[in-house]
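Please keep the sequence and the model in view while reading.

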Amino acid sequence: MKSSAETLATAIQVLDIEASAINGLKQFIDNSFYEAVRLIYESTGRVVVTGIGKSAIIGNKIVATMNSTGTPAIFMHAADAVHGDLGMVQQDDVVLCISNSGNTPEIKLLIPLVKSGGNKLISMSGNKESYLAKESDISLYAIVAQEACPNNLAPTSSTTAQLALGDALAVALLDWKDFSAKDFARYHPGGALGKRLYLRVSDIYLDNERPIVKPDADLKTVIMEISSKRLGATVVSEDGEHIDGIITDGDLRRLLSRDDRPDALQAKDIMSQMASTVQKDAMATEALDIMRHKKITQLIVLDGDKYLGMVHIHDLNKQGLIS
């Protein structure tokens with residue numbers, strides 16, 4: 001069994017080797033990279049990423065990154081391509097083929113078929129002299145000095161380099177497209193960023209009950225309303241639509257600690273008229289900012305001056321807006 005020190009030293013060595021591999025890619029970023037970005041940007045089709053083995057796994061991730069940043073892409077396994085999947089390649093698609101050696105039998109079989117269809121081919125390989133590199137319209141290189149594996153065999157540094165170069169392509173295309181945070185959110189509506197940009201108070205408060213008592217409500221009624229609606233507060237309103245004040249559970253605790261005969265009090269005697277509110281069409285992030293600034297946990301939701309309900313900080317947390 002290896003010692004803790006030996007294990008940690010191995011981990012650090014792997015990270016050093018892979019960091020060096022990524023840093024070494026800078027020497028291969030030249031006009032070919034520019035031409036690859038321009039070709040994809042000007043294409044009216046998709047990017048069809050293909051590869052085999054570990055390169056196929058990296059290819060899938062590159063596809064996911066491109067799709068999420070505004071560059072339509074699909075993955076085609078190189079082995080399956082020659083058994084029917086080549087039909088997914090359309091006339092205007094650009095093919096990105098990933099292979100460390102660039103000389104695998106599947107790649108050698110696939111490349112002539114891609115070229116016969118008239119599609120432009122971009123390669124990403126670790127061998128400038130490979131069949132893939134020489135047959136491509138544009139060649140990119142993910143060449144590494146060594147794998148992080150102690151036997152220099154298992155794809156480690158090479159796949160990390162492929163992944164990093166794929167990210168460089170995707171981000172460069174993002175830059176060309178002026179792809180904004182709002183664009184990103186449009187492709188990630190369920191993610192935290194999407195919710196920050198699109199989620200409104202009106203999307204949240206309807207899931208909560210609407211706590212309310214009249215100004216002459218006794219203490220027990222106030223406590224029961226706060227407890228039953230489970231929002232930590234209740235609005236005080238005479239007509240049921242306009243706010244006279246608010247009572248929070250904090251107000252009740254402070255009252256009980258200082259008043260010997262609280263039972264004689266009514267809601268209007270306890271309430272605060274300094275109620276914090278937010279409009280229903282406000283962004284949920286605005287509600288969160290107000291809560292944080294005022295150090296409170298709930299806000300009254302209004303439509304103009306009409307009382308609609310409440311939003312609680314727990315609601316915002318459930319939506320992933322609190323990090």
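At 14% relative accessibility, Gly232 counts as buried, where buried means under 20% relative accessible area, exposed over 50% and partly exposed in between (1.4 Å probe, protein chains only). The model is a predicted one, in which local features need pLDDT of at least 70 and side-chain atom pairs count only at pLDDT 80 or more, while totals for chains, interfaces and linings use all residues. Residues are numbered from 1 along each chain as its sequence is written, and side-chain values use heavy atoms, with hydrogens and water left out.

Gly232 belongs to the loop that links helix H10 (219-229) and strand E7 (233-236); helices (H or I, at least four residues) and strands (E, at least two) are DSSP runs numbered from the N terminus. Which residues does Gly232 contact, leaving aside its neighbours within four places in sequence? They are Ile226, Thr248, Asp249 and Gln298, a contact being heavy atoms within 4.5 Å. Gly250 stands 18 residues from Gly232 in sequence, and their C-alpha atoms are 8.2 Å apart in space.

Although Arg230 is not a glycine, its phi is positive, at about 60°. Arg230 is exposed, with a relative accessible area of 74%.

A positive phi is also found at Lys295, about 55° in a residue that is not a glycine. Lys295 sits in the loop between helix H13 (284-294) and strand E10 (298-303), and its relative accessible area of 76% makes it exposed. Within H13, the buried residues are Ala284, Thr285, Ala287, Leu288, Ile290 and Met291.

Attention now turns to the nonpolar interior. A nonpolar core is a set of buried Ala, Val, Leu, Ile, Met, Phe, Trp, Tyr and Cys residues joined through side-chain atoms within 4.5 Å. The largest such core has 31 residues, and those with the most contacts inside it are Met66, Leu96, Ile122, Leu140 and Leu169. At least two residues of this core come from each of helix H2 (31-42), strand E1 (47-51), helix H3 (54-68), strand E2 (73-77), strand E3 (94-99), strand E4 (120-125), strand E5 (138-141) and helix H7 (157-176). H7 gives the largest share, six residues. A second, separate core of 18 residues includes Leu199, Ala282, Ala284 and Met291.

Not counting residues up to four places away in sequence, Leu140 touches Ser32, Phe33, Ala36, Ile122, Ser123, Met124, Ser125, Leu165 and Leu169.

Two further residues may be located in the model. Arg38 is placed in helix H2 and is partly exposed, with a relative accessible area of 30%. Arg38 and Trp176 are 138 residues apart in sequence, yet 8.8 Å separates their C-alpha atoms. Asp80 is part of helix H4 (residues 78-81) and counts as partly exposed at 39% relative accessibility. Between the C-alpha atoms of Asp80 and Leu110, 30 residues apart along the chain, the distance is 9.9 Å.

The overall description follows. The protein contains 14 helices and eleven strands. Its radius of gyration is 30 Å, well over the 20 Å that the globule rule gives for 323 residues, so the protein is more spread out than a compact globule. That radius is taken over C-alpha atoms, and the rule is 2.2 Å times the number of residues to the power 0.38. Along the principal axes, the C-alpha atoms fill a box of roughly 90 × 55 × 35 Å.

Of the 323 residues, 43% count as buried. Among contacts between residues at least 6 apart in sequence, 63% join residues at least 24 apart. The accessible surface comes to about 17,100 Å², of which 51% belongs to carbon and sulfur atoms; such areas come from the Shrake-Rupley method with a 1.4 Å probe, and for residues only the protein chains shown count as cover.

As to charge, the protein has 33 positive and 41 negative side chains, and the centres of the two sets lie 2 Å apart. Here Lys and Arg count as positive and Asp and Glu as negative, without His and the chain ends, and each charge is placed at NZ of Lys, CZ of Arg, CG of Asp or CD of Glu.
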